[in-house]
Amino acid sequence: MSTEIKTIKRTIIMRKEEVTDVPIIQVENLSKIFGKNAKKATKYLDEGLSKEEILEKTGNTVGVNRASFDVEAGEIFVIMGLSGSGKSTLVRLINRLIDPTEGSVYIDGEDLAQMDGKNLRNVRREKLSMVFQRFGLFPHRTVLENAEFGLEVQGIDKNERQEKAKKSLEMVGLGGYIHQFPGQLSGGMQQRVGLARALANDPEVLLMDEAFSALDPLIRKEMQDELLELQESMKKTILFITHDLDEALRIGDRIALMKDGRIVQIGTPEEILVNPANDYVEKFVEDVDRSKVLNAEHIMKRPETVNIEKHGPRAALERMRKEGLSSIYVTDTKRNLHGYVVAEDVSDAAKQEKKDLKEILKTDVPKVNTQTPMQEIFDLIHDAPVPVAVVEDGKLKGIIVRGAVIAALAGSEVNLNGIDS
Amino acid sequence: MELIPKLPVADWIDAATDWTTETFEFLFDFIKNDFGDFIEIVAEDWLMGIPIWLFIIVVGVLAFFVSGKKLGLTAFSVIGLWFIANQELWEELMNTFTLVIFASLISVIIGVPFGIWMAKSKVVEKILTPILDFMQTMPAFVYLIPAVAFFSIGMVPGVFASVIFATPPTVRFTNLGIRQVSHELIEASDSFGTTGTQKLFKVQLPMAKKTIMAGINQTVMLALSMVVIASMIGAKGLGQTVITGLQRAEVGTGFVAGLGIVILAIIIDRFTQNLNTQRGEQ
Ligand SMILES: Nc1ncnc2c1ncn2[C@@H]1O[C@H](COP(=O)(O)OP(=O)(O)O)[C@@H](O)[C@H]1O
Ligand SMILES: [Mg+2]
């Protein structure tokens with residue numbers, strides 16, 4: 001397409017914008033090839049050669065391969081893919097930290113590639129703010145000075161910008177840390193500073209490149225929840241990059257799946273789970289269903305047990321009282337599962353001064369193995385008199401209590417909806 | 001060997017030097033006279049105007065705070081300076097100190113911008129690196145010759161030769177410090193729409209500060225190491241006493257003056273090192 005036609009097409013769209021809602025970010029045919037003579041290598045993209053083949057032929061690495069999508073104002077758009085699939089490159093093309101080899105990015109209908117330095121800076125200052133994987137905080141600046149950086153760059157006066165920066169730090173719960181240096185904070189807190197710094201500018205779009213990937217799983221989940229909560233009131237447009245499908249499913253309104261620089265599917269979490277566009281997506285999704293979300297191993301906890309070879313009713317009773325249990329599993333020294341005993345029986349046996357647990361042992365144990373999907377556990381746990389035992393080769397590996405199943409279900413709500421429907 | 005006659009390289013350089021001397025005579029004269037006078041005023045009217053005891057106390061107090069309220073540097077500075085005064089070398093010390101200060105200041109004023117330029121452009125880095133190598137490997141004595149040609153003898157050519165010899169570390173370390181700033185921080189800065197200047201002053205220079213200061217420390221030490229050499233072309237100070245000792249074969253005189261230089265070197269070194277702290281560092 002000649003540039004002329006393109007411009008005309010653009011103006012038509014621009015005109016349309018005035019009537020309809022324009023997508024805040026439009027990406028058209030965007031490609032990035034790294035290395036010398038990158039332009040030449042684009043012809044291999046036309047021929048449909050793979051990333052590997054192009055690398056072999058030309059020595060150039062394909063970062064992004066003909067990506068096209070729109071991001072609507074107010075949505076959380078997740079770009080997800082394995083490491084090296086081109087997510088970071090794509091997000092950097094969107095604020096032009098990297099110049100594209102081909103294709104265009106429009107922010108509010110304006111072509112980023114056509115902008116001079118000044119206009120580009122203004123777009124970065126006013127419309128797009130970025131949050132980085134390893135936080136990207138300035139170590140020589142305090143938390144407050146980090147948060148006010150964007151406003152300082154815009155030349156806003158000190159009182160006003162500190163006021164705004166403080167507000168945004170309070171929003172992420174760091175109001176009390178403004179005079180600390182980043183090096184004094186934990187990872188989770190540092191990323192909150194990163195988020196506050198991005199929010200202080202009050203941008204239209206947040207670009208978050210694996211913003212939570214460097215955090216511990218628990219902190220990460222907390223940050224996801226917090227981001228969703230903030231989003232309720234902020235209604236920003238968020239472009240969120242992740243390599244983790246769980247995270248994508250949890251926070252994405254729509255998800256784009258990337259592989260080798262290409263976008264292979266775009267859809268809502270449900271669409272992706274129910275109608276994977278190809279084998280690649282299907283494998284991804286399957287993987288997650290079986291191993292990451294729906295599996296006994298992940299929700300079981302360490303069991304309290306008594307040893308049938310060593311403990312009598314008295315010891316068992318003592319143990320149950322201490323832990324506040326109404327039943328307890330019975331194993332032997334090798335952790336082979338024998339059954340369970342309940343509090344009443346144990347207490348009676350203790351009164352009668354019996355020495356052995358064998359007589360009161362119950363063997364109707366609700367059993368699953370470590371790979372049992374969570375849905376089955378859910379059915380089983382309903383009528384089970386005691387926590388479900390996770391057993392592998394006759395040995396007790398863990399137990400699952402009802403609360404854990406419900407919590408896990410709540411956490412992966414989206415996921416289950418997708419599967420049920 | 002006979003095929004190519006000896007190339008008159010030395011003659012060419014002589015010619016170039018003569019041309020420079022004549023063409024810029026007005027400038028060199030101005031520097032020689034006015035700048036020379038200024039150096040003299042600083043050394044003789046200002047520094048030597050301060051009573052010795054006051055000078056020593058001030059340095060002692062500064063040392064105490066600069067070293068984080070430790071007594072080691074304080075005691076060393078006070079005793080060292082007292083010793084130099086006791087040896088009746090105070091005026092020489094003040095002259096040497098002046099030479100070092102001027103040479104270092106000028107080196108830093110020239111060196112930091114060049115270092116920044118080098119960090120911002122690969123081409124400039126490629127061009128400057130061999131020149132800096134050359135400046136540092138050329139025997140320092142050689143710089144005395146054009147120094148004398150341009151500025152005749154005295155403090156000014158001494159400062160000139162010292163500047164040439166002492167500038168490279170500041171340039172190198174400034175370049176290195178700026179290039180060391182992590183890619184992610186540069187991206188962070190760019191992503192918030194900084195101009196080149198904002199990025200330089202808000203991110204790159206503050207983050208490179210520690211490295212640049214290490215370079216400046218080396219520059220000061222190199223300037224100090226030129227003191228004896230510069231005194232061969234008439235720069236006043238402890239170096240001159242060393243040379244006198246050499247000419248008269250008086251080991252004692254030379255040794256005591258040399259010791260004075262060492263004391264000054266240690267004090268300056270510890271001061272600049274202790275002042276080199278980075279904000280936000282644990
Ligand atoms: N500056 C660069 N020079 C050359 N190749 C690069 C550069 N940046 C990224 N790449 C390559 O581009 C591909 C995509 O990288 P990236 O966008 O960082 O992936 P992701 O963020 O999904 O892990 C990778 O093969 C990577 O090696
Ligand atoms: Mg990445």
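Colleague: What do the side chains of K202(B) and E152(A) meet in?
Modeller: A salt bridge, at 2.7 Å from N to O. The term means a side-chain nitrogen of Lys or Arg within 4 Å of a carboxyl oxygen of Asp or Glu. Keep in mind that this is a predicted model: local features need pLDDT of at least 70, side-chain atom pairs count only at pLDDT 80 or more, and totals for chains, interfaces and linings use all residues. Side-chain values use heavy atoms, with hydrogens and water left out.

Colleague: How many salt bridges are there between chain B and chain A?
Modeller: Three.

Colleague: Which helix gives the largest share of the side of chain B that touches chain A?
Modeller: α9(B), with seven residues. Helices here are DSSP runs of H or I, at least four residues, numbered from the N terminus; strands are runs of E, at least two.

Colleague: And how many residues are in contact?
Modeller: 19 from chain B with 31 from chain A. Contact means heavy atoms within 4.5 Å.

Colleague: How much area do the two chains bury between them?
Modeller: About 2200 Å², 60% of it on carbon and sulfur atoms. E184(B), F192(B) and R279(B) supply 34% of what chain B buries against chain A, more than any other three residues. Buried area is the accessible area (1.4 Å probe) that two parts lose on being put together, summed over both.

Colleague: New topic. Which annotation covers residues 299–357 of chain A?
Modeller: UniProt lists "domain: CBS" there, in an unreviewed entry. Such annotations may be inferred rather than shown by experiment. That stretch of chain A, 299–357, is 36% helix and 24% strand. Its end C-alpha atoms are 29 Å apart.

Terms used. Residues numbered from 1 in each chain as written. Chains lettered and ligands numbered in written order.
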